[in-house]
Structure formats: structure tokens, C-alpha cells
Amino acid sequence: MAGRLPKDDMKRVTIYSVAHEAGVSLATVSRVINGSSVVREETRQRVQAAIAKLEYKPNAIAQGLALQKTTSIALVVPESSFSYIGKIINGLLNVAKIYKYNIVLHTSTAGINEMNEIIENIIKSHVDGVIVYNDHLKAEELNTLKNYNVPIVYIGNRMHGDNICSVFVDTKKAIYELVSSYLRNGIDDIGIIQDRKNPLADEQILAGAKEAFADFGKEFNGRIEIPSEYRTTYGYLSNYFKQNRHRLIIANRDSQALAALNSCQENQISVPDEVEIFCANDSKYNDMVRPQLSSFSIPSYDLGAVAMRIMTKMLNKDEIIDKEIELSYLFTPRQSTK
């Protein structure tokens, strides 16, 4: 028997509930809410009756639908990357302000279950688009979002699809060029520290090194895997360097590069005379330590700003010629390399 919803269910009433009750589209409900004159009187009355019956309270997203104005963009970032993404978020927010977009932040730690929960929350919140900076969100999970026709911009890794664009720095190419420069100088004893927290970046670094070695007719075998029983990179490297040496160590994150630096110094290995250390991601810590760590300088602010600009184009249905936008990096030599 039809009637009012129980009090416990009132909070779950959405614009979708109203559309279903009235038998109309979301756009029609939004036009009625915004007082549009293009709705037939009979349809208007039916929608208004559904709103009254369900005791629905319009929100900003519902009121923006009739005007085709985006109000909410979900930003997904991992907690472990907060030290890297400050400038990215600043660039993103500055562009979002221009277009009066609201940014809804979703943070995650590693774990497939939590990521599925985040995706479910994003879908339920009816955001207009999703911007992702997250090394744990894989293609199959992005497809889940794509199935809901939500525009997605991926920051940091190359990816595209019918409703997916990406803004990135080609880490694989950067590492390829770095490793190749050492190989040309006759240095092939290169170790790459595994980064379990950032599997996609780790994969790109390893692929770049392997490709460089292959082009020089060599096989790369300098992978430094961190056993699962070790909670930190330092815990393993402090013992590793007691018996192992490399001419060059490559780490993805500053914390891993610092772990390598401290472990070498504790084992009386001179940096950079005996071993050089390179960090793929630049951060404020790289030039604060001694010796200062060489790294790639990444245009972080531009990554965020360009990602937000691409999102506006996707929401406006503008033509996007290049769905994979590559930004340049800069090699920044410091004291940890010769």
C-alpha cells in the first residue's frame, strides 16, 4: 500500500527516488525543481506530487542538473602519497575554483576491499566526474566507474578509454633514459628497490630499466625485492648492504632513497664515490638531507591543473584530440650522483 516512507528511510530519498516515483527522467525532475518552463503542466504536477510524498529535499547537485552545471568532482588519492600530492591538489583546486566545481576528497590505503568501497561511495554520491591519483586503482576498477558513465581523469599513469583520460609523466621513458646514460658509460651494476606501496610506478621503473638493458644487449638482474616479512625498506637494506654492492641504486620514493642512503653510510659505503643513489620522485626532503638526493623534478602543479581542465572539457562534451597528455620531467642532479 502506497504511503509515506518510514522515518528510517527518509534520509535515503534522492532525486533518483523522485524520478522513479514520478516515472520521469532525472533531467525532468531537476527542471521542475529549478522552475523551468519547458515541462508540461501534467508532468510538473506529477513530479511535485512525488516530491511531496517522498518529502524530498533538493540538494545542490539536483538543482544543477537542469542547467547542465557540474557541482561535484570526486578526487581519489592514497594516504601514503600526501607528501607528494600537495602541489597537484593546489593546481587542481585553482582550476576548479574558476569553474565553481566542488571537490570531494576520498582517501585510501592499500587493499582491494577498501577500493571497492570507495568506488561504491563515489557512485552513490552521484558526482559528475572522478579524478584519480592512486596507484592501487586498476583498469578493472576504473571500468566499474566507466559503466556508470562517469568521466574519469587519471593522474600519474597512462590510461584512456571511452570516458577516461590521463595526465602523466612517462616514468618508464625517464628511467630508460637514465639507465641508458649509465650503460653508455660502462656502468651496468644497477639496483632497483621494489616499491610495494606503488605497484604501477614500480612496474614502470622496472620496465624502463629492462628495456634499456635489452637495447644494450644485456639482461637486467638488479632487482632488489623487499621480503614480505619486512615492514620497512630500511629494515631490509640495512642488512642487504652488508653483503651486496651496486654502482647505482634507483628508488621510487624519497623514503626508500633515504633508507638506501642511511644503510650505505652505516655499512661504510661512500655515496656517491662507491654507490650513487637516485630517487625517481622529487620531494622537499631530497635536498634537505646530506648528501642531497638526485631526482626527477615533476611538474606536480601542472598535473593537477591540466587534469582539472581536461575534466571540464569532458563534462562540456568538448572534442578531446589527445586523451593521454604527457608532461615533461627534468633531471635534477644533486650530491648523491656524480
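This is a predicted model: local features need pLDDT of at least 70, side-chain atom pairs count only at pLDDT 80 or more; totals for chains, interfaces and linings use all residues.
Local features require pLDDT of at least 70 and side-chain atom pairs pLDDT 80 or more, while totals for chains, interfaces and linings use all residues. Residues are numbered from 1 along each chain as its sequence is written, and side-chain values use heavy atoms, with hydrogens and water left out.

Select A209 in helix α10 (residues 199-215); helices are DSSP runs of H or I, at least four residues, and strands are runs of E, at least two, numbered from the N terminus. A209 has 0% relative accessibility and is therefore buried (buried is under 20% relative accessible area, exposed over 50%, partly exposed in between; 1.4 Å probe, protein chains only). Leaving aside neighbours within four places in sequence, A209 contacts I175, V179, I192 and F220, a contact being heavy atoms within 4.5 Å.

Proceed to helix α13 (residues 300-315). Its buried residues include L303, A307 and M311. Just after α13, K317 takes a positive phi of about 60 degrees.

Next, select F278 and F296, an edge-to-face pair with centres 4.6 Å apart and planes at 70 degrees. Rings of Phe, Tyr and Trp (its six-membered ring) pair if their centres lie within 6.5 Å; planes under 30 degrees apart count as stacked, over 60 as edge-to-face and the rest as tilted. F278 lies in strand β9 (residues 276-279) and F296 in strand β10 (residues 294-297), so this pair ties together parts 18 residues apart in sequence.

F296 is buried at 4% relative accessibility, whereas Y329 is partly exposed at 21%.

Technical notes:
The expected span of a helix is 1.5 Å times one less than its number of residues.
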